[in-house]
Amino acid sequence: MSADLSKYRNIGIFAHVDAGKTTTTERILSLTGKIHKIGEVHDGESTTDFMEQEAERGITIQSAAVSAFWKDHRMNIIDTPGHVDFTVEVYRSLKVLDGGVGVFCASGGVEPQSETNWRYANESEVARIIFVNKLDRIGADFFRVVKQVEDVLGAHPLVMVLPIGVEDNFKGVVDLLTRKAWVWDGSDDPLKYEIQDVPADMVDQVEEYREKLIETAVEQDDDAMEQYLEGNEPDMDVIKKCIRKGTRDLAFFPTYTGSAFKNKGIQLVLDAVVDYLPDPTEVDPQPLTDEEGEETGEYAIVSADEPLRALAFKIMDDRYGALTFLRVYSGKLEKGSTVLNSFTGKTERIGRIVEMSADDRIELESAQAGDIVAVLGMKNVQTGHTLCDPKHPSTLEAMVFPDPVISIAVSPKDKGGSEKMGVAIGKMVAEDPSFRVETDEDSGETILRGMGELHLDIKIDILKRTHGVDVEVGKPQVAYRETITQRVEDSYTHKKQSGGSGQFGKIDYILEPAEVGEGYVFESKVTGGNVPREYWPAIEKAFLGMMDNGVLAGYPCLDLKVTLMDGAYHAVDSSAMAFELAAKGAFRQTMPKAGAQLIEPIMKIDIFTPEDHVGDVIGDMNRRRGMIKSQEPGPTGVRIKVDAPLSEMFGYIGDLRTMTSGRGQFSMEFSHYMPCPKNVAEEVIKEAHERAEAKKK
């Protein structure tokens with residue numbers, strides 16, 4: 001018996017830190033009858049945040065999936081993190097959603113982080129409705145935020161409700177379609193409201209906005225448009241169909257307002273999720289790919305009768321063991337059945353399947369296309385792996401994660417802790433693919449790599465709290481890289497002819513800078529067989545291997561192009577090995593001639609500061625070698641966009657708070673690599689040599 005997929009809504013709630021996303025999720029769960037006692041984030045007890053770090057910092061780190069029901073529709077709600085260091089979580093959550101609710105703060109408006117998440121959602125083509133939250137806050141202004149959505153995000157908000165009153169006087173909202181006012185009493189009980197007529201002083205405004213709403217909606221349907229132009233308003237069902245179509249095509253975003261904290265306006269948002277966001281069958285099906293991530297032209301059609309295809313989008317460790325969250329795209333997932341992990345090529349047995357309602361679980365016998373469930377006890381499944389029917393192997397889109405830009409060395413405080421630390425870090429890497437770990441072969445240190453200072457801070461915190469491993473933490477290290485600035489034509493001969501079989505390989509080559517972002521390019525222009533074709537791969541691989549250790553300070557090299565022009569070989573003494581050694585020698589010989597240069601990661605930084613502190617913030621950024629890109633004055637302060645080197649940004653949040661009396665905020669993400677100034681490069685190279693010397697001892 002298949003469930004009716006038109007009654008399913010898989011939605012994510014995403015927002016900037018502090019826009020009230022977790023509170024909004026709480027209210028939705030309480031209204032849909034899942035929680036009787038409503039948790040407040042301020043008291044540090046909300047249902048979807050069950051890691052200690054989240055409750056303390058008041059931020060949602062791991063997206064939890066929760067199921068709820070509203071008007072006989074089933075909602076799977078994925079809570080996504082808003083903080084930029086966790087964008088990999090946001091990105092992954094978006095892949096498994098069919099629609100979303102973007103939450104904005106009525107006084108803070110469209111903040112830096114909201115832009116990043118909004119951009120991700122656009123790339124993933126996720127339909128959204130907008131909820132302008134915290135309308136009871138001082139400085140709240142619904143219309144200003146609507147204008148910001150247009151200007152800053154370049155999106156088209158379709159205003160569906162108008163607020164009655166603002167700040168302390170916020171009482172309710174007018175539903176423009178029905179021309180009815182929803183007015184709550186002062187008790188903060190979401191169910192205590194009355195449906196009234198539009199307040200007399202709002203009638204003109206309501207008519208003006210309602211006309212805009214209908215005009216925009218009927219553009220989605222030629223017949224409705226014609227009817228409307230002849231002066232007849234189409235009936236409610238037609239208008240709703242039009243809004244649903246426009247929302248699904250991302251032509252506009254139905255926009256609501258209210259206060260989650262005061263329990264006002266949430267019902268209308270839930271109705272909108274049911275009325276306007278797509279069900280799993282209305283979203284373009286996920287493309288299947290081959291191992292390289294190239295699309296095969298086949299799709300995972302959302303239907304229970306197709307072969308099983310499910311994507312592991314999140315792995316969480318909790319007190320019951322490892323939970324693997326799956327989005328089932330097609331087919332059925334049965335308890336006790338055997339599935340294939342197409343990434344590892346191994347099969348896994350499906351043990352217990354559970355549906356999560358925040359911290360509770362409901363055991364299921366099976367799940368099917370459109371469901372989001374968690375499976376217990378999977379062995380070798382990592383985020384992004386596809387589970388499928390062993391008879392029909394397939395891969396859902398390969399996931400690509402950004403490279404970490406910052407690293408720290410950690411070591412356990414007590415001698416016995418290293419094994420425990422290894423196990424804990426292993427679990428953490430499985431949960432978060434943007435978090436990497438490696439062991440420095442010379443010093444034996446464990447190096448953790450991540451997306452930013454906060455990202456690693458929280459990882460250390462999880463090590464201590466969740467896994468009980470106390471660690472010593474080194475100074476954060478920046479992921480410098482090396483590159484070259486000049487084109488050099490050169491030649492290198494490797495020969496060894498003392499008794500026995502000799503070795504001989506000669507190569508003529510060009511080493512030159514590649515385009516920015518190309519990494520490593522190898523091309524062979526050898527003609528006439530002076531370097532036999534079977535040796536080319538050995539040469540290409542040897543140059544690539546040498547790129548891990550630059551000549552200046554031992555950092556990996558970026559953006560190099562090697563062109564093999566000519567060479568010579570010896571019928572007896574030449575081998576792949578000889579040419580490999582020639583390429584290695586060539587790299588060492590030519591890199592210093594090619595103007596080797598140290599490059600550093602530049603971060604895209606978005607700072608918010610109150611007006612009075614703009615001068616201080618900009619002066620400070622100049623000292624940090626920042627390039628100011630733009631300044632935009634807003635109602636509550638100024639947003640400054642800057643490109644600055646990561647090495648100058650350590651501890652910035654503390655400095656920013658001091659400069660702005662605690663009111664400044666910032667977010668940063670990796671942008672690109674740029675050459676280091678001479679004095680910085682000299683310092684970095686000196687430190688690298690000192691580290692190398694220390695290791696030798």
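## Ground rules

We're looking at a predicted model, in which local features need pLDDT of at least 70 and side-chain atom pairs count only at pLDDT 80 or more, while totals for chains, interfaces and linings use all residues. Residues are numbered from 1 along each chain as its sequence is written, and side-chain values use heavy atoms, with hydrogens and water left out.

## The chain as a whole

The protein chain has 16 helices and 38 strands. Here helices (H or I, at least four residues) and strands (E, at least two) are DSSP runs, numbered from the N terminus. Of the 697 residues, 55% are buried; that means under 20% relative accessible area, with exposed being over 50% and partly exposed in between (1.4 Å probe, protein chains only).

What about contacts, meaning heavy atoms within 4.5 Å? Take those between residues at least 6 apart in sequence: 72% of them join residues at least 24 apart.

Let's start with an open sheet of four strands, ordered β7-β8-β9-β10 and paired antiparallel. Two strands pair if DSSP finds at least two bridges between them. At the edges sit β7 (161-164) and β10 (193-196), each pairing on one side only. From one strand to the next, the twist averages 25°. Four antiparallel bridges join β7 to β8 (residues 172-175), and V161 stands opposite D175 in β8.

Helix α9 (residues 266-276) lies across β7, β8, β9 (180-184) and β10, at about 130° to β9. For such values, axes are lines fitted to C-alpha atoms, for helices over the stretch in contact, and angles run from 0 to 180 degrees between N-to-C directions. Helix α9 also packs with α8 (residues 236-248), at an angle of about 80° and with the axes 9 Å apart. The two helices are therefore roughly perpendicular to each other, a label for angles of 65 to 115 degrees (under 35 degrees is roughly parallel, over 145 roughly antiparallel, and the rest oblique). On the α8 side the contact uses K240, I243, R244 and T247, which meet V274, D275 and Y276 in α9. By type, the residues of this contact split into three nonpolar, one polar and three charged. In that scheme Ala, Val, Leu, Ile, Met, Phe, Trp, Tyr, Cys and Pro count as nonpolar, Asp, Glu, Lys and Arg as charged, and the others, Gly among them, as polar.

## β17 and its two partners

Strand β17 (residues 338-341) pairs antiparallel with β18 (residues 346-349) over four bridges. Together they make a hairpin with four residues between the strands, and G345 in the turn has a positive phi of about 80°. β17 also pairs antiparallel with β23 (residues 386-388), over two bridges.

N341 shows up in both pairings: its bridge partner in β18 is K346, and its bridge partner in β23 is L387.

P412 sits in strand β25 (residues 406-412). Its C-alpha atom is 6.1 Å from that of E472, 60 residues apart along the chain. Leaving aside neighbours within four places in sequence, P412 is in contact with G417, S418, M421, D470 and V471.

## The β31-β34 sheet

Another open sheet of four strands runs β31-β32-β34-β33, this time with mixed pairing. β31 (488-496) and β33 (520-524) are at the edges with a single partner strand each, so one side of each has no neighbour in the sheet. The twist averages 25° from one strand to the next. β33 and β34 (residues 560-568) pair in the parallel sense over five bridges, with L564 in β34 as the bridge partner of S524.

Two helices lie across this sheet. Helix α12 (residues 536-546) covers β32 (503-513), β33 and β34, running at about 155° to β33. Helix α13 (residues 576-590) lies across β31, β32 and β34, at about 40° to β32.

Which residues of helix α14 (residues 614-623) are buried? They are V614, V617, I618, D620 and M621. Down the axis of α14 these fall within an arc of 160°, so they line one face of the helix; the arc is that of the directions from the helix axis to the C-beta atoms. The face turned away from the buried side carries the exposed residues G615 and R623.

The buried residues of α14 pack against β35 (597-609), β36 (627-633), β37 (638-645) and α15 (652-659). Just after α14, R625 takes a positive phi of about 65°.

Note on methods: Contact = heavy atoms within 4.5 Å.
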